[in-house]
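Subject: Structure for you to look at

Dear colleague,

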Amino acid sequence: MTATFRGEWEAQHPRGTVIYRDLTADPLPHLTDDVFIAGNEDPLRATLARELEQADVA
């Protein structure tokens, strides 16, 4: 289903940017207390937050 959405979105937004994440191959770590307390100091969390903030569509 996501592949279909991605294809349609790219067709309608040829200048858009798509960030693809294979969560099976590279799963997100469980949100532990330490990661939560670290906030945006955690590199992965900071990257994901930045991508989400910059997105036009999520």
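The notes below go from the whole chain to single residues.

This is a predicted model, in which local features need pLDDT of at least 70 and side-chain atom pairs count only at pLDDT 80 or more, while totals for chains, interfaces and linings use all residues. Residues are numbered from 1 along each chain as its sequence is written, and side-chain values use heavy atoms, with hydrogens and water left out.

The protein chain has 3 helices and 0 strands, where helices (H or I, at least four residues) and strands (E, at least two) are DSSP runs numbered from the N terminus. The radius of gyration, taken over C-alpha atoms, is 14 Å, whereas a compact globule of 58 residues would have a value near 10 Å, by a rule of 2.2 Å times the number of residues to the power 0.38. Along the principal axes, the C-alpha atoms fill a box of roughly 40 × 25 × 10 Å.

Buried residues make up 7% of the 58 residues, with buried meaning under 20% relative accessible area, exposed over 50%, and partly exposed in between (1.4 Å probe, protein chains only). The chain exposes about 5,400 Å², of which carbon and sulfur atoms supply 55%; accessible areas come from the Shrake-Rupley method with a 1.4 Å probe, and for residues only the protein chains shown count as cover.

The count of salt bridges comes to 2, a salt bridge being a side-chain nitrogen of Lys or Arg within 4 Å of a carboxyl oxygen of Asp or Glu. One of them joins the side chains of E10 and R6 at 3.4 Å, N to O, and these residues, 4 apart in helix 1, are separated by about one helical turn. E10 is partly exposed, with a relative accessible area of 34%, and R6 is also partly exposed, at 31%.

Another salt bridge is formed by the side chains of E51 and R21, at 2.6 Å, N to O. Because E51 lies in helix 3 and R21 in the loop between helix 1 and helix 2, the pair ties together parts that are 30 residues apart in sequence. E51 is partly exposed at 24% relative accessibility, as is R21 at 35%. Leaving aside residues up to four places away in sequence, E51 touches I19 and R21, where contact means heavy atoms within 4.5 Å.
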